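Keep the picture in view as you read.

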Amino acid sequence: MKIQIGIVGTGGIATDRHIPTFMQLQEKCDVSAVYDVDVEKAARVGEAVGANVYSSYEDMLEHVDAVCICTPNAFHADLAIAALDAGVHVFCEKPMAISSTDAARMNGAAKRSGCVLAIGFHYRFMHNVQVAKKQMASIGDPLVVRVRAMRRRKVPGWGVFTYKSLQGGGSLIDYGCHLLDTALWLIGNLKAVEVTGATYNRLSKNPHLVNDWGVVDYATFEVDDHATAYIRFEGGASLLLECSWAANIKEDTEEISISGSDGGISVFPLELYQDAAEQGEALSNDSYEIAQAQNFIGACLGQETLVVQPEEAMQVTEVIEQIYESAEQG
């Protein structure tokens with residue numbers, strides 16, 4: 001049996017990542033349908049990939065087994081719930097939703113329908129992260145987690161990334177969410193009991209900002225380009241988070257490091273720290289997109305367990321929401 005996949009939203013994340021990836025798995029799935037509110041854009045993509053184009057989302061749901069949702073964040077919940085209620089499996093780009101309420105609605109629909117609900121936190125599929133997960137037992141109880149997702153001058157100058165009503169936020173919900181999800185997964189998704197956060201957008205409100213990723217309208221910029229947070233978990237572990245699209249730093253940095261009771265681990269690069277030795281391993285992350293798609297298709301076919309469980313993705317949304325609430329309330 002081949003899974004028939006419908007693509008919802010035909011922006012860059014669909015055409016540059018998900019469609020080419022699913023098309024590499026033609027023995028198990030077909031990209032057979034395309035839907036977008038921009039009908040002309042959908043028609044161009046449909047013609048390019050040989051897929052049927054639908055002007056009605058509900059109509060498309062009657063002709064597919066699964067959908068890949070690639071729309072702005074604000075539409076994730078309603079589109080996913082409609083698909084799940086129609087008995088259609090869902091792969092949804094990250095973040096799961098822009099509010100914990102919407103994330104809970106999505107999770108409820110998945111349980112109600114019995115269909116697969118996967119969220120695109122693809123960092124979990126990177127080799128470094130997979131090996132780090134297997135090594136976590138060797139470092140004992142996690143004590144302090146450090147997460148940095150730092151870009152120096154990379155505010156997305158395309159799409160709707162800087163519109164709060166459509167995206168729910170900026171650098172934190174778009175980029176920081178990846179490394180936050182990864183860190184939470186590595187420590188076993190411990191329950192957060194205290195969250196403190198701060199957000200900034202001074203650089204992107206500057207009309208003279210030098211930006212590597214296109215032109216940004218400083219006058220309408222309304223989301224965070226830099227965020228920090230301190231999270232405390234049940235049992236006493238803590239996490240320090242910093243992420244940015246634009247920050248006055250030397251260079252871009254991705255870091256997840258965890259200090260435990262019996263050792264420590266760094267993910268980028270992958271290193272294990274213990275009393276007697278330091279172990280390092282250089283690994284490639286080239287195949288994570290294929291691994292993510294294979295896991296989703298395998299789950300749809302009943303052959304695999306989802307690596308990203310909806311309840312775990314929901315925790316990421318909850319923590320991000322709490323960081324933004326803390327920042328707003330001071």
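Start with strand S8 (192-200) and helix H10 (residues 310-329): each of them supplies at least two residues of the lining of the second largest pocket. Keep in mind that this is a predicted model. Which element gives the largest share of that lining? The answer is H10, with five residues. In total, 14 residues line the second largest pocket, and Lys164, Thr199, Asp224, Tyr324 and Glu328 lie nearest its centre. The space inside this pocket is about 220 Å³. If you sort its lining by class, you find four nonpolar, four polar and six charged residues.

Stay with H10 for a moment and look at its helix partner. Two packed helices are described by the angle between their axes and the distance between the axes. The axes of helix H8 (residues 171-186) and H10 come within 10 Å and cross at roughly 125°. H8 and H10 are therefore oblique to each other, and their crossing is right-handed. On the H8 side, the contact is made by Leu172, Ile173, Cys177, Leu180, Asp181, Leu184 and Trp185, while H10 brings Glu312, Gln315, Val316, Val319, Ile320, Ile323 and Tyr324. Sorted by class, this contact of H8 with H10 has 11 nonpolar residues, one polar and two charged.

H8 leads us on to the largest pocket, where helix H1 (12-23), helix H4 (76-85) and H8 each supply at least two lining residues. How much space lies in this pocket? About 1100 Å³. Its lining has 37 residues, and those closest to the centre are Gly12, Ile13, Cys70, Thr71 and Phe161. The lining has 17 nonpolar, 11 polar and nine charged residues. H1 gives the largest share, four residues.

Our last stop is H1 and its own packing. H1 and helix H9 (residues 288-300) pack at an angle of about 65°, with their axes 10 Å apart. That angle makes H1 roughly perpendicular to H9, and the crossing is right-handed. In this contact, Arg17, His18, Thr21 and Phe22 of H1 meet Tyr288, Glu289, Ile290, Gln292, Ala293, Phe296 and Ile297 of H9. By class, the residues of the H1 and H9 contact divide into six nonpolar, three polar and two charged.

Key. Residues numbered from 1 in each chain as written. Predicted model: local features only at pLDDT ≥ 70, side-chain atom pairs only at ≥ 80, totals over all residues. Heavy atoms only, no water. Axes fitted to C-alpha atoms, helices over the stretch in contact; angles between N-to-C directions. Parallel < 35°, antiparallel > 145°, perpendicular 65-115°, else oblique. Left-handed = near helix turned anticlockwise from the far one by under 90°. Contact = heavy atoms within 4.5 Å. Nonpolar A, V, L, I, M, F, W, Y, C, P; charged D, E, K, R; others polar. 1 Å grid on protein atoms, 1.4 Å probe; cavity = no way out; pocket = protein on both sides within 12 Å on 5 of 7 lines; lining within 4 Å. Points joined across faces, edges and corners; volume = space filled by probe spheres on them.
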